[in-house]
Amino acid sequence: MALRMSSLFVRTQKEDPVGAEVASHRLLHRAGYIRRSAPGIYTWLPLGLKVLSKIEAIVRDEMARAGSQEVHFPSLLPADPYKASGRWEAYGSDIFTLTDRKDNDYLLAPTHEEVFTLLVKDLYSSYKDLPLSIYQIQTKYRDEARPRAGLLRGREFIMKDAYSFDIDDAGLDASYEAMRVAYLRTFARLGLPCLPIKATPGAMGGAGTEEFIYPSEVGEDTFVRSPGGYAANVEAVTSIVPDPIPFDDAPAAHVEDTPDTPTIETLVAAANANHPRPDREWTAADTLKNVVCAVTHPDGTREIVVIGLPGDREVDLDRAAGTGALGIGEVEIEPATEADLAAHPELVKGYIGPGLSPETQVLGLEGTSGLRFLLDPRVVDGTRWITGANEPGKHVFDLVAGRDFVADGTIEAAQVMVGDPAPDGSGPLELARGVEIGQIFKLGRRYAEALDLKVLDANGKATTVTMGSYGIGVTRIMACIAEEYHDGDSLVWPQHLAPADVHIIAAGKGSDIGEAAEALTADLEAAGVTVLLDDRVKVSPGFKFADAELIGIPTVIVVGRGLADGTVELRNRLTGEQQEIAVAEVVATTVERVRAAYARADAAGDAAVSGTAPAPADLAAV
Ligand code: ATP
Ligand code: MG
C-alpha cells in the first residue's frame, strides 16, 4: 500500500530541535522521522520506522548469510547473571537498575553476553552442538553520562548483538572471521564507508577485537591511520621499540644541581645553560619523566604506580588503562593525589627518578619505594637519560637504562603523536575522528567460566566453551547514514534505504493531475516499487516540494503542468538530474532505476569482501 501524505502521521518541522549539534539529529527531527521523548530517548514515527526496518533487513540478511540465527531476549532482566559476571559492579551507574515488588534487583540490559551464555548452557551439552551463532536485534539501555547528537549516542538504542560459541580457539577464530566478513558486507550494502580498526578489549576482557569506524568529524572516537592502510584505536597503537644500544663506553651517571627545575621545560633550559651537550642541544626527548599514578583494581584495591616515559610526551591515561599492563580486568587510573605523594616521601615531586644504581634504586624491581615502575617501551637498554635524582633541585645525567636502573615492566602509556611511525611500518600516523558503528570481540572463556558454560568434548570431558560477541549500533547507523547522505538542508537517502522508493507529488489543482498521480502510484506499486504519494488537496505545490526535500526520498516524480503534453518530471536528488519524461515511459524507467539501485547495494556487499568496496557516491548514484 502506498503511503499518502494526506494521511501519513508526519509533521515536518521548520525549527531545529533543541541542542542539535549534528546534521543527522537536526534533519531526522525536521523531516519527521523521530521525536525526542527524554534526553537520549526517542520516539519513532512511521517514516523513521521504514528506514530503520530497511537497515535491519540488511543486517538480518547478512547475519543469516554468516550462519547466525535470530532469537529475542527481554530487555528487562534479573541482576543475578550480571552480578555473577562482575558487570553489575563494573557498569556501575551506566546501567539502569530497578527492583521488583519482591525487592529483587533487575536491570534494563546494556548488552546481553550473560543471558546468551545461560541460554546455551540451558539447552546444549555436547561439542556436537557447536559451533553455534545466535543474535538478536534489540533495544538496549545505557545511562550514558553524555547522551548526545540524537541517535548517535542514545540512552535507549537498538543494537544487533550476536554471540558465537565454539569448543576451541580455532573454532572461535573461524566464527570471528565469519562475523568480520558479515560486517564488511553489511556496511558496504548500507553505503557507509567504514574502517575496521584494531582496538583494546576494555571492560569486556578477552582476546582480539576490532571496531568498525565510520570516519566522520561528528564522531567521538579518535583513531590513527597511516598512508599504508594501518588503522587503530589510539589505545591499541603499539610503539616501535628500538634495538638496545651498547653502553660499555657510556659515561658514568652524575648528579648535577638543577635548582628550580620542576618541569621539563625548566629542566631542558637549565641543562642547556649549565650542562651543555657538545654535539647538540638537549631536548625534552632526552629527559625521562616519571609520573605517579593511582590505579584502582577491579577488587577495589588502590595501587600507586610510577610510569617513566620520554619527557616530550604526555601520559595518556586511557591508553595506560587499556593496555592490560596495569592488571587484569577493568582498572581505573588517575593522577596520584597530594595525599598519595605524602605517603611516599621518597618521591620528591618534580625530581622523581629511578635512582642511581640497581643497588640504591628508588623505583623498579622492589626499589626502596616498593612501588611498581613501568617504562615506556622506547626506554630500551642503553638509552641515556636526564632524570630526577630524588632530591629537590637535583637531576642525574647520563643515567643509562639497563645499567643504572631496571623497571618492573613496560607500558604503552605515552600519548600517540601525529607523525609517529605506524607499528607495521606503513608510514607516519595521522589522527582522525569517527563513529564506532560496530565491534567484534573474541571474548574467549571469560563469560563461560563465570557462568559455568561447559560441554562434553569428543573424549567425554567437560570443557569450557569459548565465545565471541559482535555488536552493531543499528540506530546509530541510521544517524551515520543521515550524516553521510544529506545536502546540508535536507536528507537525501541512498535509493535503497529511502522510506519509499519514489515520492510522487501531485502538483496542481486539476482532477486530471490527481488521477494521473494515482494511476502512476498504482502502476509503480504493482511493479513492486513503493510509493509515497503527496495527494494533499489544499496544500500548495511549493509546500509539497519543501516537504519532499526534507523527507529525502531521492527519486521524485512531479505530476503537474506537463501532463497536458503527456509528460511528468522525474528528479534524481542524488545526482541533481531533472528530466521531462513521457507518462508512458516513466513507470518502466523508474522501476529499472530502483531495481538497479538495490542491485548495486547488493553488489557493494559482494565487492566489500573482495576488498574493492565502491565509494559511497557510486552506491548512491541512480
Ligand atoms: P561507545 O564507545 O560509543 O560508547 P561501546 O563500545 O560502549 O560504544 P559496544 O558495547 O561495543 O559499544 O556496543 C556495540 C555497538 O552498539 C557499538 O559499536 C555502537 O555502534 C552501538 N552503541 C553503543 N552505545 C550506543 C549508544 N549509546 N547509542 C547508540 N548506539 C550505541
Ligand atoms: Mg564498542
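Trainee: Which atom of ligand 1 does a backbone N or O atom of G154 approach, and at what distance?

Mentor: A polar contact is a pair of N or O atoms within 3.5 Å; within protein, one must be able to donate a hydrogen and the other to accept it, and residues adjacent in sequence count only if both atoms are side-chain atoms. Here a backbone N or O atom of G154 lies 2.8 Å from a nitrogen atom of ligand 1. G473 also takes part: a polar backbone atom of G473 is 3.2 Å from an oxygen atom of the ligand. R476 uses its side chain, with a polar atom 2.9 Å from an oxygen atom of ligand 1.

Trainee: How much of ligand 1 does the protein bury?

Mentor: Accessible areas come from the Shrake-Rupley method with a 1.4 Å probe; for residues, only the protein chains shown count as cover. Ligand 1 exposes 580 Å² when taken alone, and 85% of that is buried by the protein.

Trainee: What should I know about the model and its numbering?

Mentor: This is a predicted model: local features need pLDDT of at least 70, side-chain atom pairs count only at pLDDT 80 or more, and totals for chains, interfaces and linings use all residues. Residues are numbered from 1 along each chain as its sequence is written, chains are lettered from A and ligands numbered from 1 in the order written, and side-chain values use heavy atoms, without hydrogens and water.

Trainee: How many residues surround ligand 1?

Mentor: A residue counts as near if one of its heavy atoms lies within 4 Å. For ligand 1 there are 14, and the closest are R142, E144, R153, G154 and E436. Helices (H or I, at least four residues) and strands (E, at least two) are DSSP runs, numbered from the N terminus. β22 gives the largest share of the shell, four residues.

Trainee: At what angle do the axes of α6 and α14 cross?

Mentor: Axes are lines fitted to C-alpha atoms, for helices over the stretch in contact, and angles run from 0 to 180 degrees between N-to-C directions. α6 (residues 169–189) and α14 (residues 583–609) cross at roughly 145°, and their axes come within 7 Å. On the α6 side, the contact (heavy atoms within 4.5 Å) includes V181 and L184.

Trainee: What does L184 touch beyond its neighbours within four places in sequence?

Mentor: L184 is in contact with P196, F212 and A608. I472 is 288 residues from L184 in sequence, yet 12 Å away in space, C-alpha to C-alpha.

Trainee: Which way is the peptide bond from L130 to P131, cis or trans?

Mentor: Most residues other than glycine have a negative phi, and most peptide bonds are trans. The bond from L130 to P131 is cis, with omega near 0°. P131 sits in the loop between α5 (113–123) and β8 (132–141). A149, not a glycine, has a positive phi of about 55°. A149 lies in the loop between β8 and β9.
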